[in-house]
Amino acid sequence: MGKGLSVKGIDFVMTALIDDKGALIADANKGLSETGLYLADGDGEGATTANITALEEAGQQQYANNKVKRTAHGVPTPQVALTMLDIDYDVGRKMAGYEMVTGGAVLSSIKPHVALLIATHDFYGNWFFDTFANGEVIIPTRNHGTSNKNETDSNATFTYQALNPIPNSTFANLEGSQQPFKMFNSASEGFDSAKMLAEVFGGYKGDDPIAKYINATGGQSFTNTNQSNVSKVAGS
């Protein structure tokens, strides 16, 4: 069975807070959950869009002898425009760095480190993951409108700005240069969802929630357009 780079839909978004040394914050009060990971898929909750931009910039051509001799490539600065149908209040405010003060949430002076994973499928039925091991989240806008015979909703929106992962060995390429983004396809040789989670989410060592999620939802919801069945994550 093949594997592709094009994808369809959003199966879920998973997030976590990491500390300034790159370690997962596995604490229900300081982090997003007891395990540290938060998979947004509750009642009426989930991701609507996750638009990734600036993964790479076009190279700058450099000339010599009246010819293009070299292309210089700048540092990637990925961003994710994330819209949620809904998200837990405390999870959303912690991601954006809002702290509780006298019953309300106010923006902290220090933004937390946030790791982000976006899960989807390619057209062969394989799971596909776009991941960022470190970044900052802002709430850029909140739009309100009056309801009439139709309800006017204002879904939660976030902008995720990727940073280089912590520590320096995370997301390093074969030349040893670190990158802010890494993608995974479950059909790739050597893919292991537990190892992926540990790399993306600051050394996470708990149960594999992705394998559990796949087994719980089953393949029926993710019928493959090109094949007769849906691939499972390795080890699930």
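A: The largest pocket has a lining of 17 residues, and nearest its centre lie Y89, I139, R142, A156 and F158. β6 (79–86), α1 (89–96) and β12 are the elements that each give two or more residues to this lining. The pocket holds about 380 Å³ of space. This is a predicted model, in which local features need pLDDT of at least 70 and side-chain atom pairs count only at pLDDT 80 or more, while totals for chains, interfaces and linings use all residues. Residues are numbered from 1 along each chain as its sequence is written, and side-chain values use heavy atoms, with hydrogens and water left out.

Q: How is a pocket defined here?

A: On a 1 Å grid over the protein atoms alone, a pocket is an open set of points where a 1.4 Å probe fits, with protein on both sides within 12 Å along at least five of seven lines; lining residues have an atom within 4 Å of a point. Grid points are joined across faces, edges and corners, and the volume is the space filled by probe spheres set on the points. Helices (H or I, at least four residues) and strands (E, at least two) are DSSP runs numbered from the N terminus.

Q: In what order do the five strands of the open sheet stand?

A: Strands of a sheet pair through backbone hydrogen bonds, in a parallel or antiparallel sense. Here the order is β2-β1-β9-β10-β13, with antiparallel pairing; two strands pair if DSSP finds at least two bridges between them. Because β2 (37–39) and β13 (182–185) are edge strands with a single partner each, one side of each has no neighbour in the sheet. Four bridges join β10 (residues 127–132) to β13, and F128 has N185 of β13 as its bridge partner.

Q: Which backbone values deserve attention?

A: Most residues other than glycine have a negative phi, and most peptide bonds are trans. N66 has a phi near 60° and lies in the loop between β4 (60–64) and β5 (67–72). T102, with a phi of about 45°, lies in the loop between β7 (98–101) and β8 (104–107). The peptide bond from I166 to P167 is cis, with omega near -5°.

Q: What is the mean pLDDT of the protein chain?

A: The mean pLDDT (the predictor's confidence in each residue, from 0 to 100) is 89, and 90% of the residues reach 70 or more. Over residues 217–236 the pLDDT is below 50. Where pLDDT is low, the predicted coordinates should not be read in detail.

How values were computed:
Contact = heavy atoms within 4.5 Å.
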